Amino acid sequence: ADPGSGGVDLMSFADEEAGDARPMTAPGHGGFTEPFAMEGWVQAGDYAWTRDPDAPAPPKREKRTVAVPPSMKAHVLARRAGEVDEPDLWPDTHWRAAWVTATDPTTHRCLRATWANFNVKIAHNFPDAPHLAADAYGVDSDVGMDVSIAEEAVLKAQMAHAASGLSAIADATAVEVLANPNSRTAKRYVFRGVVNDRVDELLAKLRPLSAPNRVVVFHSVVAFANATHRILGDGMCTSAVTIANSSMAVISRTGAYDDLLEKLAKDFALPFTGPNVETGGTGQVQLPSQVQEAGTEMAGARMLRERVLRDGKVLDSGILKVSSFINHQVDVNLIEACGEELAVRLERTMPNKILTVEATGLIPAIFVGRNLQVPVVFARKKRPLTISDAFTVSYRSATKGTMAELIVSEEYLQANDRVLIIDDFLAGGSTAEALFKLIKMANAKVVGMGVLIEKVSDSGRAFLSGYEVPVESLVKVSGLDEGRVDVLDEPPFVVPVSPGDAAAAAAAAGSW
């Protein structure tokens with residue numbers, strides 16, 4: 001159960017590469033994948049399994065002895081002695097379920113806050129769950145792991161489930177240094193266990209011996225396990241060895257946890273319940289799509305399209321002027337309808353916070369926030385005296401043609417936030433990218449973006465495509481030639497029958 005036990009000393013093998021140098025060549029590798037199957041279970045979707053009652057008994061396999069960590073042993077003894085209280089659940093409390101985790105204390109605190117938004121209580125954590133695989137080193141075809149990271153995550157979750165009797169979540173991460181294009185051999189490294197200074201020491205030793213384009217892969221799997229389900233979340237991050245470091249494991253782990261969150265929320269129909277009950281929220285929130293009558297067409301996009309065609313003015317600089325109804329004089333009824341529609345379209349992103357820019361983005365953001373029942377934070381363009389510690393980013397303003405700053409107090413963007421960006425326009429994407437950067441500075445998660453008007457010709461959507469988040473726009477302006485406003489004619493957005501159908505409804509309405 002000790003990290004690296006029974007494995008190899010990767011640091012000693014790194015010395016071998018100093019004598020294997022050869023002229024640099026382009027790498028020709030593919031990402032590594034791990035086949036994963038479980039006897040006695042039937043696959044119920046991508047990375048999801050359920051018990052197969054008709055499956056024959058699996059053949060006996062060699063037993064693997066793993067020392068029970070002290071926290072699990074103490075919890076089992078306390079349960080047997082009747083010293084562990086069963087969690088109070090619905091209808092006696094607002095909690096719909098109680099789970100446990102087997103991860104580090106920092107991740108456990110983030111998971112408590114995140115899952116409280118779904119009325120799921122993280123009742124206990126086992127921070128000393130064992131690492132079940134050792135470091136490996138060798139030629140590509142020879143690096144075989146007796147336990148893959150998917151299997152390790154499942155086994156740790158199974159142990160936590162067995163100890164607590166509750167559904168459990170656990171994770172596992174591998175760091176793989178792919179073969180060096182500047183070496184005669186095809187040797188690679190696979191590091192398992194706690195990703196810490198040991199990884200940085202290895203990378204520091206390999207860096208001078210490696211081609212600049214040698215690839216380091218951080219791969220994480222998070223497993224959910226109980227008596228009837230096994231569900232996996234997957235996350236990956238790649239980097240050149242010249243800049244790779246152990247902190248990049250946070251990216252793959254965050255991706256895996258976000259992937260699992262989306263799968264569990266969908267598979268178990270867990271509604272997003274709004275303000276975090278761990279920090280003072282009060283409970284059940286009605287989703288915007290549940291307020292509207294299913295199957296009806298929403299009016300926001302249609303009303304805005306008609307108003308843009310009627311009252312929008314084209315300036316000589318190719319700028320669309322909408323100050324008579326959006327960003328100087330505001331048509332409140334129009335923006336309210338737009339906010340309602342954006343909220344329904346984007347409720348599937350499950351945000352707990354909205355970020356926008358003062359001052360024109362604040363108007364639609366407030367209506368979206370009211371419908372999603374989450375707070376709205378706006379980035380300031382000048383630092384007031386009341387803000388001391390803040391996230392700051394510079395960007396080029398498309399309308400002014402000059403450099404500008406956006407500032408958000410560190411008090412209002414936090415590491416476990418799921419942030420939805422709302423603005424009035426999407427053109428070249430420079431303002432949106434600045435907001436993305438502010439969110440990343442806070443180690444928060446961008447879950448989506450919604451805008452009133454998108455200038456298709458400015459390619460802002462393509463510019464932001466690398467962030468891989470849903471982008472919703474109510475009106476797409478296709479051209480501003482000869483003083484005429486041209487907009488794309490799109491089908492209306494229809495309120496989905498259930499919140500889970502919102503993504504399909506958005507796709508049918510022409511969004512991405």
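The protein chain has 14 helices and 19 strands; helices (H or I, at least four residues) and strands (E, at least two) are DSSP runs numbered from the N terminus. This is a predicted model, in which local features need pLDDT of at least 70 and side-chain atom pairs count only at pLDDT 80 or more, while totals for chains, interfaces and linings use all residues. Residues are numbered from 1 along each chain as its sequence is written, and side-chain values use heavy atoms, with hydrogens and water left out.

Some totals, then. Of the 512 residues in the protein chain, 49% are buried. Buried means under 20% relative accessible area, exposed means over 50%, and partly exposed is in between, with a 1.4 Å probe and protein chains only. The accessible surface of the protein chain comes to about 24200 Å², and 52% of that belongs to carbon and sulfur atoms. Those areas come from the Shrake-Rupley method with a 1.4 Å probe; for residues, only the protein chains shown count as cover. As for contacts (heavy atoms within 4.5 Å), take those in the protein chain between residues at least 6 apart in sequence: 69% of them join residues at least 24 apart.

Now the salt bridges. A search of the whole structure finds 20 of them, a salt bridge being a side-chain nitrogen of Lys or Arg within 4 Å of a carboxyl oxygen of Asp or Glu. I will go through some of them.

Aspartate 104 and arginine 253 meet through their side chains in a salt bridge, at 3.1 Å from N to O. What does this pair tie together? Aspartate 104 sits in the loop between β3 (97–102) and α3 (105–116), and arginine 253 sits in helix α6 (residues 249–267), so the bridge links parts that are 149 residues apart in sequence. Aspartate 104 is partly exposed at 27% relative accessibility, whereas arginine 253 is buried at 18%.

Next, glutamate 152 and arginine 192, whose side chains form a salt bridge of 2.6 Å, N to O. Glutamate 152 belongs to helix α4 (residues 149–164) and arginine 192 to strand β7 (residues 187–192), so this pair ties together parts 40 residues apart in sequence. Are the two partners buried or exposed? Glutamate 152 is buried, with a relative accessible area of 2%, and arginine 192 is buried, also with 2%.

Then there is arginine 310, which forms a salt bridge with aspartate 311; their closest N and O atoms are 3.6 Å apart. Arginine 310 is exposed at 57% relative accessible area, and aspartate 311 is partly exposed at 22%. Salt bridges with shared partners join Arg307, Arg310, Asp311 and Asp331 into one network.

Leaving aside neighbours within four places in sequence, arginine 307 is in contact with Gly312, Ser324, Phe325, Asp331 and Leu334.

Last, alanine 343. Alanine 343 is in helix α10 (residues 332–346) and is buried, with a relative accessible area of 0%. Which residues does alanine 343 touch, not counting those up to four places away in sequence? They are Pro288, Val368, Asn371 and Leu372.
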